[in-house]
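Good morning, colleagues. Please have a look at the sequence and the structure as I begin.

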Amino acid sequence: MEDFILRALIAALGISIIAGSLGCFVIWKRMSYFSESISHSALLGVALGLASGLGMHLGLVVVGTFFAGLIVLLQQKKFLSNDAILGIFSHLALSLGIVILSVVGGENTDYFALLFGDVLSISYIDIIWIYVVLAIVIGLLVAFWQKLLLLTLNEELAVSQGLNRTFYQLLFMLMIALTVSISVQIVGVLLITSLLIIPPAVARVFALSPLAMVLQSIAVSMVAVLMGLGASTFYDLATGPTIVIALGVLFVLAQLFHRRLS
């Protein structure tokens, strides 16, 4: 196996575990548009990370966390409707990222790789970063599973029991920002949300409990990653879009299979 394929496989499997588990909360909380807004801000994070010398990953985390916190604050202030706030910040961040990259990136900037992923650019440092984030996200989910689940399924009951809704909202947004920061190189800025919403959408058809849905979502994500990487390598296709197509195929098959059993 070629070295770059092995690096891509290790990285993509780590990302699939993170996205598959967090994606269930995105589906339960109906936050797919929010995750898309944060993913669009990733391009601004890349641009500022390169311009400041902090590096792509740190820039992604800083910008993603800032935008997540700002969106949560504005939502609580009832400044505008949620979809209006998300739409404004999503397109503003994406446009700012493109403008800044055009200034600091030069002619060699690969916009296609940033928007749709570049499996060839993954290094062992990136893999270490991915599995550090994996440990952090899984650790937080295990530690706060009951509280996050209660806030997701019955927010009024959770608040009445004294849970700090704002704290857990910000904690969840931080995990989403971390997930976005490590997913850019695999699927790119425009396709990250698909990793968060399609696997749990498939798992939801068959799961009988929240934990089962998380585990099945992770399994679906990993299968799609293997299918996408295999097809993109064999047919010389763009890896990110191919993974998303594999997810789409699994989603359609799940719906058809479920209807035949009904």
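I shall go through ring pairs, a cluster of rings, and charges placed over rings.

Please bear in mind that we are looking at a predicted model. How many aromatic pairs does the structure hold? There are eight.

Let me take one of them in detail. The ring centres of Phe66 and Phe67 are 5.8 Å apart, and their planes stand at 90°. An angle over 60 degrees counts as edge-to-face, so that is the class of this pair. Are its two members buried or exposed? Phe66 has a relative accessible area of 52% and is therefore exposed. Phe67 has a relative accessible area of 8%, which means that Phe67 is buried.

A further edge-to-face pair is made by Phe234 and Tyr235. Here the distance from centre to centre is 4.8 Å, with 85° between the planes. Phe234 is exposed, at a relative accessible area of 66%, and Tyr235 also counts as exposed, with 57% relative accessibility.

I turn now to the cluster. Which residues do ring pairs link together here? They are Phe25, Trp28, Trp145 and Phe172.

Phe172 brings me to the last topic, charges over rings. Lys29 lies over the face of Phe172, 5.9 Å from the ring centre.

Methods:
Residues are numbered from 1 along each chain as its sequence is written. This is a predicted model: local features need pLDDT of at least 70, side-chain atom pairs count only at pLDDT 80 or more; totals for chains, interfaces and linings use all residues. Side-chain values use heavy atoms; hydrogens and water are left out. Rings of Phe, Tyr and Trp (its six-membered ring) pair if their centres lie within 6.5 Å; planes under 30 degrees apart count as stacked, over 60 as edge-to-face and the rest as tilted. Buried means under 20% relative accessible area, exposed over 50%, partly exposed in between (1.4 Å probe, protein chains only). A charge sits over a ring if NZ of Lys or CZ of Arg is within 6 Å of the ring centre and within 35 degrees of the ring normal.
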